[in-house]
Structures are given as C-alpha cells and as structure tokens.
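Subject: Handing over the structure

Hi,

Here is the structure I promised to pass on to you. Have a look at it first, and then read my notes below.

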Amino acid sequence: MPAVLLDAILHDLLAASDDALESAVDSGASAMAAHEDRWPDMSRAFVALGARVVSGCWARGWQPADVVRMVDRTLGERHVRIGVDIVAAAAREDSAAERGTRWTAQIHGLGAEPWWPGDEQYLTEFARRENLMRFEAAGYALEVLRLYARLPGIIPLHQETAPPVRTSEPRMLGRIRALLAKAESTDFTEEAEALTAKAQELMARHSIDAALVTTSTQSADAPGAVRIGVDNPYDAEKAMLLDAVAEANRCRTVWSREFGFSTVIGFDADLDAVELLYTSLLVQATSAMTRDEARSRRRSSRGARNRDFRQSFLIAYADRIGERLTAAVEQAAHQAADHNLLPVLASRTVAVQEATDHLFPDLVTHRVRIRDAEGWTHGKAAADRADVGPRRIPGGPHAS
C-alpha cells in the first residue's frame with residue numbers, strides 16, 4: 001500500500017542522522033518511484049500525507065507563510081514550490097476563512113491553490129513542470145515532507161474570531177502600497193522623500209481612525225500578532241529596523257533568530273503599517289547602503305571592512321528612522337485634535353504590552369556593537385534622506 005510505504009519512509013527519514021540523511025532520501029525516493037503503475041497511487045498518498053503533516057504544523061503554532069519561509073531558508077526553489085503545493089492541499093481540507101483574515105491573506109499571498117488536475121497526477125505533473133525524473137521528484141517531495149514534520153512547536157498567534165475593524169480599506173492600503181512602491185523605484189531622492197512621507201501620513205491617519213471608530217462603536221478589539229520574515233545577511237540589524245518601525249507605531253517585536261522571523265504584536269491597523277513600512281524602508285536602506293559603501297570604498301584603502309560598514313550603517317539607519325517615525329506619528333496624533341484620542345492610544349499601548357507579556361513571558365535583550373564609525377555616519381544620513389514624516393515637534397523624542 002502506498003500510504004503505508006510513505007509512512008515508513010517518513011519514519012526512516014525522521015530517524016536518520018544528518019550523515020545518513022542523503023542515503024535515506026535516495027532509498028525512499030527509489031522505493032516510491034520503483035513501479036510506474038503504482039505512481040498515481042503514490043502521488044495521491046503523498047498529497048494526503050503532506051496535508052496531514054502540514055495540519056500538524058498548524059496545531060504546533062505555525063502559519064502558512066511561516067512553514068514556506070522555513071523551506072526557503074533551508075532548502076531550494078523547487079522545494080519551495082512543493083512546500084507551497086502541500087500548503088494548498090492542507091488549505092483545501094481546511095476552512096481558511098475561519099482562521100482569520102491574515103491567515104487567508106497568507107494563503108493568497110503564497111499562491112497556494114491546487115493547480116494539478118487530480119492528486120493522483122500531482123507528482124507526475126510536478127516532474128513534468130520541473131523536467132525531472134520520477135526518482136528526482138520523489139526526492140524533492142520527501143525532503144520537504146521531512147522538514148515540515150520536524151518543525152517544533154512555537155507560540156501560536158491569536159486568530160481573529162470576527163473581521164477586524166477597518167476604515168477606508170482596502171482603498172487606503174492600496175494607496176499606501178502604491179506610494180511606497182514609487183518611493184522604492186524612483187532614482188530621485190526628493191521624490192522618494194515626498195512619497196514616503198505621504199505614505200506615513202496616511203498610515204498614521206488610518207491607525208488613528210481605526211482606534212477612534214473602535215471606541216465610538218464600542219467594538220471588541222484586542223491586539224493581534226503577525227510574523228515578519230527577517231533574513232540573512234545582517235538579520236540582527238534588520239530585526240532592529242523592524243523593531244524601530246514597530247515601536248513608532250505602538251507595536252512590540254520579538255525576534256526568533258533560529259526561525260528567521262520576528263513576531264510583531266499590536267492592533268490591526270498598526271500591524272498593517274509596520275508590515276508595509278518595514279518592507280519599503282528595508283529596500284530603501286539596502287539601496288542607500290550599497291551606494292554609500294561604494295563611495296566610501298573609493299575613498300578608503302580599507303577594502304576588507306564591508307561587513308562592519310554594513311552592520312553599522314543598518315544599526316544607525318534603524319536608530320534614526322525610529323526617531324523620525326515616532327515624531328511623525330506623534331504629530332499626526334496632535335493634529336487629530338480629538339480629546340478622546342490620547343486616552344485611547346494610552347490604553348492601546350498598555351494592551352499591547354500585556355499581550356506581549358502573555359505571549360512571551362521570558363524575554364531577553366541583547367546589546368549591539370558599532371564596528372565602523374563611517375558606516376554609522378552614512379546610515380544616519382541615509383535615514384535622514386528617507387524623510388518618512390513631518391519634522392520633529394517640540395517635546396518629541398530625542399536620541400539618548
């Protein structure tokens with residue numbers, strides 16, 4: 001029976017040491033591909049087992065984007081495509097809508113929809129698409145299956161039981177995405193500054209409107225959480241940038257380095273802002289860092305200091321961006337001129353901290369070291385050029 005054989009193969013893969021893994025994969029792939037007449041049944045059994053294994057990941061706290069990110073970090077592009085297909089098979093058996101809007105958005109964002117005509121044809125169609133033999137396709141499939149089955153339990157994130165309060169969306173977020181996309185693509189610094197500043201203004205307004213609407217309608221609203229990928233190289237410095245963006249938008253972050261993501265805790269509109277702005281600022285920071293490093297290298301004989309320059313650049317960029325974002329958000333709140341706003345925002349800050357403490361009761365912090373003074377200087381300057389909001393208001397935060 002193919003299902004029994006696959007269970008035995010997976011058992012052997014999970015028991016195999018790192019040194020014996022390649023041999024175990026080859027042995028399992030050979031057993032799967034040995035008889036052409038059983039290949040359709042083997043394909044059907046693989047899809048069923050894959051869906052079951054991924055459903056186990058959900059039970060251990062993982063979400064669709066999380067598991068595919070782990071495949072991307074650990075294996076290769078073909079593995080990622082199989083990983084997405086297994087998620088699609090699991091989602092087909094599961095009501096994604098009942099898990100919340102962000103879960104559904106992850107499924108759509110991954111493009112996790114069954115494209116194959118029938119489960120008995122999946123492995124054949126995958127092999128044809130990738131120009132692989134049956135043995136090779138089986139090997140890729142088993143490696144993904146093993147990775148998913150080995151994922152440990154992590155802290156589950158709260159799923160919305162009702163649609164979150166939204167104001168002027170999706171039109172508002174569409175406008176913000178369009179502004180940030182233009183800011184990333186333009187070669188003109190002044191244009192990028194103006195576009196990013198407008199996007200931050202809209203995000204702050206969106207967040208304030210959501211908070212006031214929730215209060216005025218007495219809607220049940222509580223902090224949620226999302227996981228955002230933080231990849232190598234310079235993952236620590238990128239995590240700092242994400243933390244700076246999150247803190248300015250009244251969110252908290254917890255970095256899980258071993259899994260390549262940070263968990264961001266906050267209210268829904270603020271989480272939207274953090275996701276959008278972090279992604280855009282990371283693109284802008286990387287572009288500025290590459291450009292400034294090249295200029296610095298031409299002026300200096302210390303050509304071996306690239307890593308120190310980049311680390312210091314990104315740390316400085318994150319530090320300065322945090323200051324500017326905080327000032328922009330404070331000014332937006334000041335301009336709202338609603339006497340109910342400050343108590344609402346204060347209560348939300350407390351709620352986010354309580355939610356963070358509940359999810360992560362044993363947090364630790366780490367110090368960072370600045371290894372390149374010129375990289376720090378360039379990073380600060382680049383953050384100033386990425387003008388993300390109105391100028392500092394009297395009484396705003398200052399660097400320590």
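What follows is a short tour of what was found in it.

A word on the ground rules: this is a predicted model, in which local features need pLDDT of at least 70 and side-chain atom pairs count only at pLDDT 80 or more, while totals for chains, interfaces and linings use all residues. Residues are numbered from 1 along each chain as its sequence is written, and side-chain values use heavy atoms, with hydrogens and water left out.

Let's start with helix α6, residues 101-110, where Arg102, Trp103, Gln106 and Ile107 are buried. These four cover an arc of only 145 degrees around the axis, which puts them on the same side of α6. His108 and Gly109, on the other side of α6, are exposed. Just after the helix, Gly111 takes a positive phi of about 70 degrees. As for the terms, buried means under 20% relative accessible area, exposed over 50%, and partly exposed in between (1.4 Å probe, protein chains only). Helices (H or I, at least four residues) and strands (E, at least two) are DSSP runs, numbered from the N terminus, and the arc is that of the directions from the helix axis to the C-beta atoms.

Next, the loop between β2 (252-256) and β3 (261-266) holds Gly260. With 0% relative accessibility, Gly260 counts as buried. Its C-alpha atom is separated by 5.2 Å from that of Val230, 30 residues apart along the chain. Beyond its neighbours within four places in sequence, Gly260 is in contact (heavy atoms within 4.5 Å) with residues including Arg69, Arg73 and Val230.

Now for the rings. Those of Phe, Tyr and Trp (its six-membered ring) pair if their centres lie within 6.5 Å; planes under 30 degrees apart count as stacked, over 60 as edge-to-face and the rest as tilted. The count comes to 11 aromatic pairs. In one of them, Trp115 and Tyr122 have ring centres 5.8 Å apart and planes at 55 degrees, so the pair is tilted. Trp115 is partly exposed, at 26%, whereas Tyr122 is buried, at 2%.

Lastly, the charged end of Arg129 sits over the ring of Trp115, 3.6 Å from its centre. For this, CZ of Arg or NZ of Lys must be within 6 Å of the ring centre and within 35 degrees of the ring normal.

Enjoy exploring!
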